[in-house]
Amino acid sequence: MAKIKSIYVCSECGYESPKWFGKCPGCGEWNTMNEELPASPSSTASKSGTSSVNQILSLNDIKEDVERRIKTGVGEFDRVLGGGIVIGSLTLLSGDPGIGKSTILLQICEYLGKSCRILYVSGEESANQIKMRANRLGVTTDNLLVLTQTDVGLIIEAIKSEKPDIVMIDSIQTMTYDEISSSAGSVTQVRECTNIFMHAAKGLGIPVLIVGHVNKDGAIAGPKVLEHIVDTVLYFEGEKNYSYRILRGVKNRFGSTNEIGVFEMTSEGLKEVLNPSQMMIAGRPKNSSGSCVACIMEGTRPILAEVQGLVCATGFGTPRRMSTGFDYNRMNMLLAVLEKREGYIFNNMDAYINVVGGLKIDEPAADLTVALSLVSSLKEKPVNDKAIAFGEVGLAGEIRAVSNCEQRISEAHRLGFDRCIIPFNNYKAITKELKVNMDIVPVRNIREAFNALTEE
């Protein structure tokens with residue numbers, strides 16, 4: 001009998017090689033090549049119960065089914081999914097440990113249990129532990145079936161026998177496939193187990209939700225191909241020191257990837273935050289220099305966020321720069337523009353930027369807000385409490401136009417702001433109604449914006 005040749009797989013990127021390397025040729029990481037035995041190519045289809053016979057069809061002969069979705073009862077979760085869970089889809093929910101992945105899945109079971117039978121498969125908790133958590137979250141549905149198992153073959157058999165409407169796997173890193181000799185959580189195990197669940201979801205028409213852990217860099221643990229296999233990839237974001245959580249769609253074959261859902265972690269589980277803007281600017285200090293409000297777009301939703309800047313004399317030879325919630329390199333670029341184009345001197349000052357509430361801003365429209373908060377702190381001059389500002393800052397110091405300007409202004413007006421500093425090129429497209437309700441000031445550069453914000 002011929003000896004089965006082992007392969008070496010990178011635990012970071014999934015690169016495979018017949019020989020060992022100290023440095024992975026795929027991603028360049030050191031000491032990540034692990035020895036594993038290859039999976040049998042014919043076993044995946046048999047485990048999932050799907051046929052290996054290829055059937056070629058003409059595009060015109062394929063019958064188009066109406067897209068059916070299952071509402072979860074959590075509006076923020078449905079928003080990110082694109083309106084609900086699609087029948088036969090495979091969804092990956094990822095995030096840091098303890099951020100609320102298992103909590104949100106168990107919570108939606110209460111609503112889903114009214115019309116669906118749910119199979120909750122756990123490889124990390126015992127049935128008693130799941131029961132305790134369900135009691136704490138108020139989940140009492142009779143249509144929730146619990147299976148504590150890690151063998152994929154037995155799980156597929158349970159799915160075929162019970163025929164549930166929805167399957168939840170917690171988590172994919174604990175699942176094992178008996179045709180593979182490597183340990184649970186390895187690259188090959190994660191990839192093959194996900195493939196089996198994918199074939200089961202498509203072949204049986206049952207939506208499958210999978211929990212996936214992340215590695216130390218914040219990426220989904222396992223090979224990058226894991227994200228290509230599934231239909232939808234959702235990330236739970238949030239700082240451990242904050243109670244707020246953001247659910248973001250990274251990939252979605254059935255909807256937009258620009259939507260986010262905002263939740264608050266409480267003792268009774270995750271609760272929806274229906275007005276994120278109000279939450280982000282709550283407790284904002286009045287008549288304090290270095291504070292300015294930005295309006296950013298998260299998909300189709302405008303959100304107001306407070307940006308705080310602090311500028312003080314440095315005690316070191318090289319001034320210190322620190323940014324939380326805003327790109328560090330872009331902050332340095334804005335400081336250079338303020339010095340070169342506007343004449344504000346920061347070369348002997350420490351500069352700090354913080355986005356309140358743990359929100360991370362990566363939109364260029366926040367450039368003007370960050371720049372104004374730094375100038376306000378430098379000049380010790382507070383900005384108007386009822387004013388917001390947004391716009392992209394160019395290297396010449398100009399303020400460039402941004403998208404969705406009217407939506408941003410409407411959100412600011414709804415929350416009680418009466419003055420809005422916008423790019424000059426956006427002003428012509430503003431409706432007369434908004435111009436009547438708000439004091440809209442178009443500006444061409446940062447100095448004009450600062451003078452308009454500090455006016456009483």
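Strands are DSSP runs of at least two residues, numbered from the N terminus, and in this predicted model the strand β12 supplies the largest share of the lining of the largest pocket, namely four residues. The space within the largest pocket amounts to about 350 Å³, and of the 20 residues that line this pocket, those closest to its centre are Asp96, Phe236, Glu237, Gly238 and Lys360. At least two lining residues come from each of β11 (232-237) and β12 (244-252), and the lining as a whole comprises nine nonpolar, five polar and six charged residues.

Side chains of opposite charge can pair when their charged atoms come close. A search of the whole structure for such pairs finds 19 salt bridges. In one of them, the side chains of Glu16 and Arg191 meet at 2.7 Å, N to O; because Glu16 lies in strand β2 (residues 16-17) and Arg191 in helix α6 (residues 187-204), the pair ties together parts that are 175 residues apart in sequence. Glu16 is partly exposed, at 38% relative accessible area, whereas Arg191 counts as buried at 16%. Arg191 also forms a salt bridge with Glu192, with 3.8 Å between the closest N and O atoms, and Glu192 is buried, its relative accessible area being 13%.

A further salt bridge, between Arg248 and Glu237, has an N to O distance of 3.0 Å; since Arg248 belongs to strand β12 and Glu237 to strand β11, this pair ties together parts that are eleven residues apart in sequence. Arg248 is buried, at 18% relative accessible area, while Glu237 is partly exposed, at 28%.

Technical notes: Residues are numbered from 1 along each chain as its sequence is written. This is a predicted model: local features need pLDDT of at least 70, side-chain atom pairs count only at pLDDT 80 or more; totals for chains, interfaces and linings use all residues. Side-chain values use heavy atoms; hydrogens and water are left out. On a 1 Å grid over the protein atoms alone, a cavity is a set of points where a 1.4 Å probe fits but cannot get out, and a pocket is an open set with protein on both sides within 12 Å along at least five of seven lines; lining residues have an atom within 4 Å of a point. Grid points are joined across faces, edges and corners, and a volume is the space filled by probe spheres set on the points. Ala, Val, Leu, Ile, Met, Phe, Trp, Tyr, Cys and Pro count as nonpolar, Asp, Glu, Lys and Arg as charged, and the others, Gly among them, as polar. A salt bridge is a side-chain nitrogen of Lys or Arg within 4 Å of a carboxyl oxygen of Asp or Glu. Buried means under 20% relative accessible area, exposed over 50%, partly exposed in between (1.4 Å probe, protein chains only).
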